[in-house]
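Work through the two exercises below with the model open beside the text, and try each task before reading its solution.

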Amino acid sequence: MATLRELSEITGYSIATISRVLNGDETLKVTENTRTMILAAAGKVDYPSKQNVNKKSSLEKYLKLGIVEMVTAQESEKDPYYLYVKNNVEKCCFNNGMETFVMQYDEEERCYRSAASRELDGILAIGQFREEQIAAMEKYTSRIVFLESAPFPEKFCSVMPDYEVGIRQGVDYLIELGHRRIVFVGPEFSTDSTCRQALELRRKIFVDYMKRYGKEAEGILLDSEWQGDDVAEQIIQYVKNLQDEKGKPTAFFAYNETTALGVFRALQILGYHVPEDFSILSYNDTVLATMMQPQLSGIHINIEEMVKHAVWMMQRMAKGEGEIPLRISVPATLVVRESVQQV
């Protein structure tokens, strides 16, 4: 059982403020968001206050949500993007007074397991899932919101990044800076919203959009797994095999940041400099982009905005207002740093 001091350390508010909120002091002037955050923190650590002892406590009105992830902890270390999504989900839910529980899929029993003490009010599912996994989520609740996929749009709400907007911005940016031979580096195939193999969407959009430039520019495809070491080996072989200096590309457009890191590593091994010899533009744009030298220009997926919409959808369904499933597509943003230069 937590003390007031521990709650102060968790929330950042003073012991006096926490004490007055937990004891229902209506004369205390704090925002509703502050009151909600303190009550939610107290609920998580089971602090005995007047408001969480009362059966009609406002804490009992808070939603209990399950978080389901597509990737494992080991996979998150290789590509931290989904870890950033999960962290944003937990933060946004906490700020809205929601309690979250990570759910694990039991492959043998084909069910999800959760530490929640009572029935969940909804599930936020991050990534792509097989049909049997989606069916297992439905055994918990029909209120499911998907982030980064949109399975069965006639049944479920979803929030997706708008990859087409992102790819268009990236290609246009490179063309405007004079790049006429652009290599897209990434896998040929990935998974769709129900984990079936499909053409990788970003790659497909790149191919289609480059056609609009006709003979003015050439899009080159370098099919590669997204893991950094594999990418580096392929880039090294690709650059070594270039025979004609006139046919040499001037820019690499990476499928994600892990891929971009592999491109960086390969060019460094070969003795080239970024962006003087080759420019690199990446998709995703997480905090990793600012830790590289030079800092990585990229297409920023607006994770926080996506998560806000997903949480709003969950609140809407909890109020009984979500009869029609919604699908929201959030545009990406071009972030210019140091890894791309004019030619």
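Strands (E, at least two residues) and helices (H or I, at least four) are DSSP runs, numbered from the N terminus, and two strands pair if DSSP finds at least two bridges between them. The model is a predicted one, in which local features need pLDDT of at least 70, side-chain atom pairs count only at pLDDT 80 or more, and totals for chains, interfaces and linings use all residues. Residues are numbered from 1 along each chain as its sequence is written, and side-chain values use heavy atoms, with hydrogens and water left out.

**Exercise 1.** Determine in what order the 6 strands of the open sheet are arranged, and which helices pack on the sheet.

*Solution.* Step one: the order is E10-E7-E11-E12-E13-E15, with mixed pairing. Step two: strand E10 (218-223) and strand E15 (333-335) each have a single partner strand and stand at the edges, so one side of each lacks a neighbour in the sheet. Step three: strand E7 (residues 181-186) runs parallel to strand E11 (residues 251-254), joined by 4 bridges, and Val185 has Ala254 in E11 as its bridge partner. Step four: helix H8 (residues 163-176) packs on the sheet, touching E7, E11, E12, E13 and E15, where contact means heavy atoms within 4.5 Å. Helix H9 (residues 201-210) also packs on the sheet, touching E7, E10, E11 and E12.

Terms used: Axes fitted to C-alpha atoms, helices over the stretch in contact; angles between N-to-C directions.
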